Amino acid sequence: PTPALFSKMTRRLRARVGCLVAGFCLTHVLSLSFLQPLRAHRAATALKARGGEYEISDADIQDFYGKLLTGPGGEPQKGTVLSELIVKFFHGEFLPSGFRRYSGQWKGPPPGTIGKKDIEVGVMCLKEQMEKPTLITKGGVGYGVDETQKVVDDGKGWIWLAAEMSPGGLALELFKSVPYGKRAILVAKQKNVDELFNSVNWDVALSNVEKTFAGPQIKQR
């Protein structure tokens, strides 16, 4: 071709290459702008599946457990909210149909009031239920998840005692999965509940009544 024709063909080729490069860059930018929200959504979903911003690891559970094993065992002190809750929710009969609360006279001392003897019975029943629970509340997965996603047992071998505010005041429940958003009070290895009760620090357990575990701190009482 003549120099003029060759120059014209070169300009057209450059123009085509420029269009291809621009098209590639635009496609790449659009792909990134589409993928970024998708990646962010996937990351948020994965985080929520692990417990969200309130995720609880095995190390967190072990740390919570270790702090409880710093006492002399025995029973919680008379007159504390914890001792009264344990008596209220564990001194009685656990039936397949539910819990039947003790309706007799408290032993005291003085008779007629909740005393050391009643607390001993309540703690004994609590220990029995943590070993072989009759009633278990669903939990686990993460904070704020739908009820249908919660599980009865997360398979980790822990048994939890946790409190939650109800219309009648604080209520105690047992969990075999992390009690997200509840007031986790005690946790024990279900196959070795004695380890907890032989060395439980009831002052630590009592302080846990005021704390939301694996959830936002909310003053409820």
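**View 1. Nine aromatic pairs are found in this predicted model.** Here, rings of Phe, Tyr and Trp (its six-membered ring) pair if their centres lie within 6.5 Å, and planes under 30 degrees apart count as stacked, over 60 as edge-to-face and the rest as tilted. Local features need pLDDT of at least 70 and side-chain atom pairs count only at pLDDT 80 or more, while totals for chains, interfaces and linings use all residues. Residues are numbered from 1 along each chain as its sequence is written, and side-chain values use heavy atoms, with hydrogens and water left out.

View 2. Tyr54 sits in the loop between helix H1 (3-49) and helix H2 (58-68), and Tyr143 in the loop between helix H4 (116-131) and strand S3 (158-166), so the pair ties together parts 89 residues apart in sequence. Helices (H or I, at least four residues) and strands (E, at least two) are DSSP runs, numbered from the N terminus. Tyr54 is partly exposed at 22% relative accessible area, and Tyr143 is partly exposed at 35%. Buried means under 20%, exposed over 50%, and partly exposed in between (1.4 Å probe, protein chains only).

**View 3. Phe64 and Trp160 form a tilted pair.** Look for 5.7 Å centre to centre and 40 degrees between the planes. Phe64 belongs to helix H2 and Trp160 to strand S3, 96 residues apart. Phe64 is buried, with a relative accessible area of 12%, and Trp160 is buried at 1%. Ring pairs link Phe64, Trp160 and Phe213 into a cluster.
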